[in-house]
Protein chains: 2
Amino acid sequence: MKKLINAADAVVAEALDGMEAAHGNLIKVHRDPNFIVRADAPVMGKAALVSGGGSGHEPMHGGFVGRGMLDAACPGAVFTSPTPDQMLEATKAVNGGAGVLHIVKNYTGDVLNFQMAAELAAAEGIAVESVVIDDDVAVKDSTWTAGRRGVGATVLAEKICGGLAETKAPLKAVADLCRKVNASGRSMGMALTACTVPHAGKPSFDLGADEMEIGIGIHGEPGRRRVKLEPADRIVEMLMEPILSDLPFKSGDNVLMFVNGMGGTPLIELYVVYRKAYEIARKHGLNVVRNLVGSYITSLEMAGASITLLKLDDEMTRCWDAPVVTPGLRWGA
Amino acid sequence: MKKLINAADAVVAEALDGMEAAHGNLIKVHRDPNFIVRADAPVMGKAALVSGGGSGHEPMHGGFVGRGMLDAACPGAVFTSPTPDQMLEATKAVNGGAGVLHIVKNYTGDVLNFQMAAELAAAEGIAVESVVIDDDVAVKDSTWTAGRRGVGATVLAEKICGGLAETKAPLKAVADLCRKVNASGRSMGMALTACTVPHAGKPSFDLGADEMEIGIGIHGEPGRRRVKLEPADRIVEMLMEPILSDLPFKSGDNVLMFVNGMGGTPLIELYVVYRKAYEIARKHGLNVVRNLVGSYITSLEMAGASITLLKLDDEMTRCWDAPVVTPGLRWGA
């Protein structure tokens, strides 16, 4: 195992120290339980957004804490759900009296723990809405999931709902927008290589030198099939076809196209992927009016990519364009 | 070779297509010769900044074209210098009457070709200043270099000088600032793994499963020494010590600390590196007043990291903070 770490046990805590040292103007890190909050939390009168999940997917979620996106993120151990007390304490820390939205990726541990945290917060008088993201079209159920997995649409939901929440829209409206983003987004990913969880010390699965996994999960969970390596254009077709037919996306739709790297794939390859995905979208009659290209929801050092298409309406577009100032995503004033 | 590409010959052109499809609001891509210009080029009365180099280091340089940073970037083939005609045509395309600054990483091919392009541009009546970046303290000369290599300080110089140029400062002032950044910046990198140039089809060097290369170049050129893998904290000490003693950095200095990923290293590890680098800088009495953490000057899918320290003065800090809107780096209005 070749990693820039000190010890498997220390990775998450030391990365949090590094984030706080680097971004102390934007975020604060709370320990025991671990969570990251925006520096000016709680923002009074604003619905607060809390997300979280296993570590190893950086910049998601901690890198998305800040003005215009998340109010708090709860990092678990690598590829391991955070605990209800992390979620509860984060919820209490960011509640500014207008309630809290939990954005939950659909993995069994995350769902159960956020549900418990929501109940505990409600018992303390905090209004909580929860939205489960399940945008991955690759498989119906998977290793750690009843139903579809939550992947790339999570990043988009956090940005878009964060943009709306900043206007002090009511919690219900922010939660409804989150549901709309989830209902309008579809994703699928693939891997060229496995990744190694520090505690395990060896790759989470084996892929032959000439093989790839189509429909991979962000923890290396099996996808649809393992096949021989193909040129990038053919791979992009294999990802785009199930995405396009699932919603389905229709000619004339305005979409955001998100080409995401899994952590070990260089940007030059993501642009090769974007080129073909864009061409297919255009042939399908879609108007690609917004995009995101980069490694935003990752699987440690896994090589591979995922594509997310989100059907946009005016509200989503406006919220996407709103300023965001986080460690991992920032634009505007 | 496992890559998301179609053919070795097509990578650069297809990635440029992808960049243009994704970022057509910020940049335009010119073909034959290949270069990227900001969408509103030429900006009349503004000193224009042109850089370039081999592809495979993305987002550098093409991802840094836009308002507040570069006016043009010339991408060569992977790890291969662009040609003088690329540089000349880019220079002509962005000259807004106030002259052009060439920011050149110190590699023999880049230096010679930019020199020829500068002479040809001068013959056409364009004022050109050239600054060679050579911030890598690892080795005195290297495979493709007389003198030190240009690495991480290039990113910082492009941002800082771009910020000054946007104020329509004279070319001479922008070039002098670039020289000051280069004189005030020091870098060193390391690799856990090699990378594979598409045309070669195999790793550019061999590293044992328990080995790393300290002082690596961004094309996989040999560094100072190949040693057994160590914990991240020890690796950071091995990078920071030669950086700190070279300028030298003194107690009380304000610095920007840039922790850069080589392309295949996940962000969580970069924060582990940042944590220790920050701790060492603080122990040395440095005030780390600005930072950048991410993969900005890469070596394809190489796993590893580099650290750059830049001693800041007020002008550099102000220019660093100025708005920037490029595909690869953006903040502010």
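Helices and strands, as named on this tour, are DSSP runs numbered from the N terminus, where a helix has at least four residues and a strand at least two. With that in mind, note also that this is a predicted model, and then open the structure and follow the stops below.

**Stop 1: a loop in chain A**

Select Phe79(A), which you will find in the loop between strand 4 (72-78) and helix 2 (84-94) of chain A.

**Stop 2: a salt bridge within chain A**

Staying in chain A, select Glu129(A) together with Arg179(A), whose side chains meet in a salt bridge with an N to O distance of 2.7 Å. Glu129(A) belongs to strand 6 (residues 128-133) and Arg179(A) to helix 5 (residues 171-184), so the pair ties together parts of chain A that are 50 residues apart in sequence. Over all chains, the structure holds 55 salt bridges.

**Stop 3: two peptide bonds in chain B**

Move to chain B and select Ala41(B) and Pro42(B), which are joined by a cis peptide bond with omega of about -5°. Pro42(B) sits in the loop between strand 2 (35-38) and strand 3 (48-55) of chain B. Next select Leu247(B) and Pro248(B), where the peptide bond is again cis and omega is near -10°; here Pro248(B) is part of the loop between helix 6 and strand 10 (254-261) of chain B. As background for both places, most peptide bonds are trans.

**Stop 4: where the chains meet**

Now show both chains together, and look at the interface in which 56 residues of chain B are in contact with 56 residues of chain A. The two chains bury about 4500 Å² between them, and 66% of this is on carbon and sulfur atoms. If you highlight Lys2(B), Leu4(B) and Ile268(B), you have the three residues that supply 20% of the area chain B buries against chain A, more than any other three.

Which polar and charged links cross between the chains? Applying the rule across the interface gives 19 residue pairs in polar contact, both residues being at pLDDT 80 or more, while the count of salt bridges between the chains is four. A salt bridge to select is that of Glu14(B) with Arg275(A), in which the closest N and O atoms are 3.7 Å apart. On the side of chain B that touches chain A, the elements that each supply at least two residues include helix 1 (11-23), helix 7 and strand 11 (287-294). By class, the residues of that side divide into 31 nonpolar, 13 polar and twelve charged.

**Stop 5**

Select helix 1 (residues 11-23) of chain A with helix 7 (residues 267-283) of chain B, which pack at an angle of about 65° with their axes 7 Å apart, in a crossing that is left-handed. Among the residues making this contact are Val11(A) and Met19(A) on helix 1 of chain A, and Tyr271(B) and Tyr278(B) on helix 7 of chain B.

Finally, select helix 7 (residues 267-283) of chain A with helix 1 of chain B, whose axes come within 7 Å and cross at roughly 65°. This crossing is left-handed, and the residues that meet include Ile268(A) and Arg275(A) in helix 7 of chain A and Glu14(B) and His23(B) in helix 1 of chain B. Sorted by class, this contact has ten nonpolar, two polar and three charged residues.

Note on methods:
Residues numbered from 1 in each chain as written. Chains lettered and ligands numbered in written order. Predicted model: local features only at pLDDT ≥ 70, side-chain atom pairs only at ≥ 80, totals over all residues. Heavy atoms only, no water. Axes fitted to C-alpha atoms, helices over the stretch in contact; angles between N-to-C directions. Left-handed = near helix turned anticlockwise from the far one by under 90°. Contact = heavy atoms within 4.5 Å. Buried area = accessible area lost by both parts, 1.4 Å probe. Polar contact = N/O pair within 3.5 Å; in protein donor to acceptor, adjacent residues only side chain to side chain. Nonpolar A, V, L, I, M, F, W, Y, C, P; charged D, E, K, R; others polar.
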